[in-house]
Amino acid sequence: MARRQFQSACLIASMLGLTSVGVFAESGEKEALENAVAPLEEVVVVGRFLQSEAVRALRTPTPIIDVPQSLSIVTSDQIEERGYASVADMISYIPGVSMSQGEGHRDAVVFRGVRSTADFFIDGIRDDSQYYRSFYNLDQVEILRGPNALLFGRGGAGGVLNRVTKKAKPGTGFQSVRLHGDRLGEFGAQVDVNLGIDESIGLRLNAMTEKLDNHRDHYFGDRMGINPALRIEFSDRFSMDARYEYVNNERFIDRGIPTGADGKPVEAFQSIVFGDAKANVSTLEAHMFSLLSEMRLADSTKLNMTASFGDFSKSYSNLYAASYDEEETPDQVTLDGYVDSTERQSTNIAGTLITEFSFASAHHTVLAGIEYINTSSDQDRFNAVWSSTQTDKEAFLIQRPMGLVATAGVNAAGLPVTVDFATDLNDDTRVKVDVISAYVQDEMELGERFSVLLGVRFDQFDIDVLNVPAVDRRDKRDQEVSPRFGLVYKWADNVSMYASLSETFLPRSGEQYANINGDKNRLDPDTYRNLEAGLKWDIAEGLSLTTAVFEIEKRSPQVADDDPATLDVIESEISGFEAQISGAINGRWSVYAGVSTLEGEQVNREGGTGLRPRELPERMASLWTEFDATERLRLGGGITYQSESFINNSNSATLPSYTRLDATMNYQWSARSSIQVRMENVTDALYFPSSHSTHQVTVAPPLNVRVTFSTRF
């Protein structure tokens, strides 16, 4: 059904495009393009525009209605008004996107059925380390769906998430403070201070600190972030932004609860943490530097240069439920575990040229760029070793609490046991990655109604891996060309129809550069092709509707079973539909709603298996609405729904469907100060929003009330 919908939509879009060209040619009413080229717009996200100045997802000043792609933007005002505190909070109200558990120590987003821990960017710069990202220093969050290799390179098979940071503002000064706390014990503070040193120099400081707590036993954590930023406007044509961010996180790792004989989470275990009260912990320390310069070479030409460096030190140790048999041993669970550490440094240097000109009866906006990335990633993992079994697995009686504290406890046989994380080395690799990329894209306006987007990117991906225990060094070079094509027909000034094709690839080393052992050393990357068609309608000032149908096709070369010298290419696909409406109904009432459907089938060498891909809910829907009850009181409420999905590829474990209600109240008690009350899970429902594997299912918080006080001066 989804394939037929997609083919029909593509056919309609193509027919409309051909019709518009025909009308264009026959009517002779098209006005000639002006000889003089208009200056490049300085576009900031307000309503229908995706920013170019505020950095930098599309990188060209293109109105959203003219972008042949589905995307969502969440501004800093919306983040504050809705009380979002994490990527997971925000994602629950984005169509076609859901969260994976991330093993309790990282953001993991499922973009259109494709799980990723690395398709994150900050100011357009790759941010692929594994940690929980915060919102304290953001102007907005941009989610671009579908493969995005032309702008972002490898990965991004289902989409990317780009965070846009707050920039310093010359010539003005302001300060704000936010304090928050909730009924589960979490509290924290944020500050935002901008100093306009003079009309051309601005200095800004954003900082945050949080004490973490939640509804689960043993949970604890602290995190802090500090982000100074400098802006210097040397002239009307040359400016520079510099920023540094320091992040320090420590938190308890909770891998959730097992599933039972029916394949569903065992609700009786909802309060039990299957881990060590002290040893399940993740730590992160990160330093991130970036420099952006913007030079206007002419009225219609601009050059952007970026340089960044990131240094990440990450470790996590954890015990978790590895197996559970409700029928044979209902009172026992088998625990497994490991400790993992990563030291990663990454340098990114890029240049982008944007120019506008008229040629051959068309107006062109050309984007050309080059990028160099150097990454060094040293990572190792030690398996748990139990004193009783001398393996990484041990059985325990299920009880609350589990009785494991500081790597010691009593097993199911009643014997005291300890666990060691320092003797059984699972892997130790030293990875170096060099990526050289070049791309060009042309947005061609063929009259007032019709535009075409053509682009291509070349990536050379070199990886060198030293397997330390085996003293085995391997290297591999992948060279990939990723095209992008789109066409837009403007049915009216406020209505557009589009169709697009885009591609991307993922090297066999994976998104986290795990290894290229075995056959991976000679296998080509997985490639992804996205076909999409949709409609965008600016219904009224500040209110817009977007619909899209899409199909993502994955091609994965595998060594042939019958002839190791040859390869089989395994093809699979995910298809779906999305719709979202957002904006103001009138001056007092706004609404944000989205729905999506997703279909897919696992495929092997023999063809379709009849099995659904994991973490692919068939239906998702959300609605958030806000209303100004008085001049000072703004009320908001939301409902989000996700249908059931499979936790594992065997389809033997199921993540149940759920519906959650949320509400907010924002009261402006003075011109400078306000208070917000956010209620999450208003009905106090027991639900399970995400998972990592069969016996690791996240238990969502019960009714939680979060109070935030804000003031500016």
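Author: R243 and E245 are both buried, a word used here for under 20% relative accessible area, with exposed meaning over 50% and partly exposed lying in between (1.4 Å probe, protein chains only). Their side chains meet in a salt bridge, with 2.8 Å from N to O; the term stands for a side-chain nitrogen of Lys or Arg within 4 Å of a carboxyl oxygen of Asp or Glu. Before we go on, please keep in mind that this is a predicted model, in which local features need pLDDT of at least 70 and side-chain atom pairs count only at pLDDT 80 or more, while totals for chains, interfaces and linings use all residues. Residues are numbered from 1 along each chain as its sequence is written, and side-chain values use heavy atoms, with hydrogens and water left out.

Now look at R231 and E233, whose side chains form a salt bridge at 3.1 Å, N to O. R231 counts as buried because its relative accessible area is 13%, whereas E233, at 30%, is partly exposed. Another salt bridge joins R473 to D464, at 2.5 Å from N to O. Here R473 is exposed, since its relative accessible area is 52%. Salt bridges can also share partners: E81, E626, D628 and R634 are linked into one network in this way. In total, the rule gives 48 salt bridges.

To place these pairs, step back to the protein chain, which holds four helices and 38 strands; these are DSSP runs numbered from the N terminus, helices being H or I with at least four residues and strands E with at least two. Of its 713 residues, 54% are buried. The C-alpha trace spans about 90 × 70 × 45 Å along its principal axes.

Three strands form an open sheet in the order 2-3-4, with antiparallel pairing; two strands pair if DSSP finds at least two bridges between them. Strand 2 (97–99) and strand 4 (114–116) are the edge strands, each pairing on one side only. Strand 2 is joined by three bridges to strand 3 (residues 109–111), and M99 stands opposite V109 there. In the loop between strand 2 and strand 3 you will find H105, which is buried because its relative accessibility is 2%. Beyond its neighbours within four places in sequence, H105 has contacts (heavy atoms within 4.5 Å) with residues including Y131, I253, K314 and Y316.

Strand 18 pairs antiparallel with strand 16 (residues 332–359) over four bridges, and L335 stands opposite E394.
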